[in-house]
Amino acid sequence: MKKISFTALVRLLTVGLSACAFTLQAANAEFDAAFDIANKAYTSRKWQEGADLLVKARELAKTDWEKYKVNYRLTYCYSYIKQNEKAIETASEALKYPKLSARDRNRFANMIIEASIRLKRYDDAMKQVELQLAEPAREDDMYYITIMHKGVILHEQKKYAEAISVLKKAESYPKIEVDVKNKVQWYIGASAMKTGDKATARTYFEQVAKNSRNWFGTSAKKHLQTLSK
């Protein structure tokens, strides 16, 4: 067998490593191209198209970061098009990302909770809520959205008095967004209506009818008509 010199061996190893690096780089470039196309649909709020393209990009993802980037966006796409099972699946995958921040961890947990509520899996949703609320309280919107979700679940479980108490905690958050506040106040009004407290229900529905331009505002107006009879 012909002996190979040390210098030649080093050259062979260098060439081999370079080839591997080139292959890896090419694979990443393929993912980047697919992801960029998918991300354009995502940022344009073309949720179904974005989801379809992101699924294709996910097949090319190699690293934890690449998989996380895809699952992050896929969760939003699936949430908007109400594909709740898939939203739970991708959010659960996103939660596995090792470098996830506490805020993002709570973000994806809330998306799992919301999808579970839509599927009427209230026990599963509440378990996820309690896991999040067991964490140290943080003064950010994700934490208070978790509290809102707890109130929504209690309302759906017909625990109206408990729901009102919890929802008022979410309502008191000083930086609560308008859309979130409208949702919280609608559920307070709806829970109060169920308990027979028409005065409180009317007060909250009036606020929602005044400030909301989506379904909650329309629904609040209908409830006000019912209460005025």
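Leaving aside neighbours within four places in sequence, Leu-119 is in contact with Asn-84, Glu-85 and Ile-88. This residue of the predicted model is found in the loop between H5 and H6. Leu-119 counts as partly exposed because its relative accessibility is 29%, and partly exposed covers values between the 20% limit for buried and the 50% limit for exposed. Leu-119 and Gln-83 are 36 residues apart in sequence, while their C-alpha atoms are 10.0 Å apart in space.

The loop that holds Leu-119 is also the place of Arg-121, whose side chain meets that of Glu-85 in a salt bridge with an N to O distance of 2.3 Å. This pair links distant parts of the chain, since Arg-121 lies in the loop between H5 and helix H6 (122–133) and Glu-85 lies in helix H4 (residues 84–94), 36 residues apart. Arg-121 counts as partly exposed, at 33% relative accessibility. Glu-85 likewise counts as partly exposed, with a value of 44%.

The wider setting may now be described. Of the 229 residues in the protein chain, 44% are buried. Among contacts between residues at least 6 apart in sequence, 53% join residues at least 24 apart.

Side chains of opposite charge can pair when their charged atoms come close. Another is formed by Arg-118 and Glu-114, at 3.1 Å from N to O. Arg-118 and Glu-114 are separated by about one helical turn because they stand four residues apart in helix H5. Arg-118 is partly exposed, with a relative accessible area of 31%, and Glu-114 counts as partly exposed at 29%.

A further salt bridge joins the side chains of Glu-130 and Lys-150, with an N to O distance of 3.4 Å. Glu-130 lies in helix H6 and Lys-150 in helix H7, so this pair ties together parts that are 20 residues apart in sequence. Glu-130 counts as partly exposed, at 36% relative accessibility. Lys-150 is partly exposed too, with a relative accessible area of 22%.

Arg-118 and Glu-114 lead on to the largest pocket. The space in this pocket is about 1100 Å³. Its lining consists of 29 residues, of which Glu-114, Arg-118, Met-148, His-149 and Lys-183 lie nearest the centre. The salt bridge between Arg-118 and Glu-114 therefore involves two of the residues named as nearest the centre of the largest pocket. By class, the lining has 15 nonpolar, four polar and 10 charged residues.

Which helices each supply at least two residues of this lining? They are helix H3 (64–80), helix H5 (102–118), helix H7 (141–156) and helix H9 (178–195). H7 gives the most, with eight residues.

Helix H3 also holds Glu-66. Glu-66 is buried yet has no salt bridge. The nearest side chain of opposite charge, that of Lys-69, is 6.6 Å away, whereas a salt bridge requires a nitrogen within 4 Å of a carboxyl oxygen. Apart from neighbours within four places in sequence, Glu-66 is in contact with Asn-28, Phe-31, Leu-60 and Ala-61.

Arg-58 and Phe-31 are 27 residues apart in sequence, and their C-alpha atoms are 8.0 Å apart in space. The place of Arg-58 is in helix H2 (residues 47–58), and Arg-58 counts as partly exposed at 28% relative accessibility. Not counting residues up to four places away in sequence, Arg-58 touches Val-70, Asn-71, Leu-74 and Thr-90.

Technical notes
Residues numbered from 1 in each chain as written. Predicted model: local features only at pLDDT ≥ 70, side-chain atom pairs only at ≥ 80, totals over all residues. Heavy atoms only, no water. 1 Å grid on protein atoms, 1.4 Å probe; cavity = no way out; pocket = protein on both sides within 12 Å on 5 of 7 lines; lining within 4 Å. Points joined across faces, edges and corners; volume = space filled by probe spheres on them. Nonpolar A, V, L, I, M, F, W, Y, C, P; charged D, E, K, R; others polar. Buried < 20%, exposed > 50% of the residue type's maximum accessible area, 1.4 Å probe, protein only. Lys, Arg positive; Asp, Glu negative; His and termini not counted. Contact = heavy atoms within 4.5 Å.
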